[in-house]
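Here's a quick tour of one model, written for someone who likes to check geometry by eye.

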Amino acid sequence: MKIVFSQDHKFQDGKSELIDGQIQPPVEKPARAEQILSAVTEARIGEVLAPAPVDRALLQTVHTPAYLDFLETAWDEWVAAHGDWDALPLDWPARTFTHRVPEAIDGKMGYYSFDAGTPITSGTWRAVTASASVAATGATLVADGERAVFSLCRPPGHHAAADVYGGYCFINNAAVAVEALRARGFSRPAIIDVDYHHGNGTQAIFYGRGDVFFASIHADPRQEFPYFLGYADETGDGAGEGANANFPLRWGTGWKSGYEEALEAALDRIAAYGPDVLVVSLGADTYHEDPISQFTLDTDDFPRIGEHLKRAGLPTLFVMEGGYAIDALGRNVANVLSGFEG
Ligand code: SP5
Ligand code: ZN
């Protein structure tokens, strides 16, 4: 399986996120991608390729022009207002407010974000466009006939919606990949999101569409971030009715205590949809030692995820999302891919 990777991920290197009431070093850090790259290299998953730059036009099939302009300029505006420190929002347009776009950078950040855990830094734009290019190039390789490709994206993407960032995500790499696949002639893509957190951004992007199926297995939003999306009764809207399937699971869920069953149910729904290509939003934060997560998968369970995905029998693009237990992260990701190659 070919791997697409860009060193430019390292330009997203925040100093701080707000978590548990404290400003702390981000858990979403460059070492994650380095660990994954060394593990997949050691496991001989396949050749590592550099991405081609991504077109703005492709990004605009997923994100609004105003949002992309905001992301590109936010750092300079923040530095002009506050100096050279990570940009974190502090105010949001909750119920009772208008949804206007203010002039001030702090107001714009509140408008375009949904959490304070996702710093914009001097290198954010460079890193997130590189990450999207990794996804898009992976899609191109699949369209050129590769049976499976791993896009080693960082920063992750599945929490980002058309004009909203958060959850360490800015550009929705999986959605960009889907649009790149559609541009190359695939007409019925399915996405399966196995990150521990609900892929709220991906769901929102495709919620009203019947031409892309989205399934997500994740921690129950009653208990877990992102709290306000990811419930089982979210089934799609309008033309998208029936093309969205959520499988929320309680804290503590392990392979035999609900995970395998949910994965099989999600894959059954995908098979019933009749897709022509599969995009996997691959998070390894389902691991029992993940520092911010509460599922209990073990390293031996990750190849089983790959085996189940393989049985879908589809051209498959893996897009890296979350996973924060640095020491085991690379091994767990490589295990999914090895299980798939089986
Ligand atoms: C891509 C991805 O996995 N994003 C996850 C973003 C999660 N951010 C919120 C984390 C809240 C963690 N709360 C529990 C901390 C345990 N000390
Ligand atoms: Zn996650």
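## Around the ligand

Keep in mind that this is a predicted model. Ligand 1 has 16 residues around it, and the closest are Pro-156, Gly-167, Phe-225, Ile-292 and Gly-322. Sort that shell by class and you get six nonpolar, six polar and four charged residues.

## The annotated domain

UniProt, in an unreviewed entry, puts the feature "domain: Histone deacetylase" at residues 27-338. In the model, that span is 39% helix and 11% strand, and its end C-alpha atoms sit 26 Å apart.

## Two helix pairs

Start with helix α8 (residues 255-273) and helix α9 (residues 302-310), which pack at about 20 degrees with their axes 10 Å apart. Angles under 35 degrees count as roughly parallel, and α8 and α9 are therefore roughly parallel to each other. Their crossing is right-handed. On the α8 side, the contact uses Trp-255, Leu-263, Glu-264 and Leu-267, while α9 brings in Arg-304, Ile-305 and His-308. By class, this contact of α8 with α9 splits into four nonpolar residues, one polar and two charged.

Now for helix α3 (residues 65-82) and helix α4 (residues 105-112): their axes come within 9 Å and cross at roughly 145 degrees. Here the crossing of α3 past α4 is left-handed. Tyr-67, Phe-70, Ala-74, Glu-77, Trp-78 and Ala-81 from α3 meet Ile-105, Lys-108, Met-109 and Tyr-112 from α4. The contact of α3 with α4 has eight nonpolar and two charged residues, with no polar ones.

Most peptide bonds are trans, and most residues other than glycine have a negative phi. A few spots here are worth a look against that background.

Which residues does a cis peptide bond with omega of about -5 degrees join? They are Arg-154 and Pro-155, and Pro-155 lies in the loop between β5 (148-151) and α6 (173-183). Another cis bond, with omega of about 5 degrees, links Phe-225 to Pro-226.

You'll find Asp-20 in the loop between β2 (17-19) and β3 (22-24).

Terms used. Residues are numbered from 1 along each chain as its sequence is written. Chains are lettered from A and ligands numbered from 1 in the order in which they are written. This is a predicted model: local features need pLDDT of at least 70, side-chain atom pairs count only at pLDDT 80 or more; totals for chains, interfaces and linings use all residues. A residue is near a molecule or strand if its C-beta atom, placed from the backbone, lies within 6 Å of it. Ala, Val, Leu, Ile, Met, Phe, Trp, Tyr, Cys and Pro count as nonpolar, Asp, Glu, Lys and Arg as charged, and the others, Gly among them, as polar. UniProt positions are given in the numbering used here, feature names are shortened, and annotations may be inferred rather than shown by experiment. Helices (H or I, at least four residues) and strands (E, at least two) are DSSP runs, numbered from the N terminus. Axes are lines fitted to C-alpha atoms, for helices over the stretch in contact, and angles run from 0 to 180 degrees between N-to-C directions. Angles under 35 degrees count as roughly parallel, over 145 as roughly antiparallel, 65 to 115 as roughly perpendicular and the rest as oblique. A crossing is left-handed if the near helix is turned anticlockwise from the far one by less than a right angle, and right-handed if clockwise. Two residues are in contact if their C-beta atoms, placed from the backbone, lie within 7 Å.
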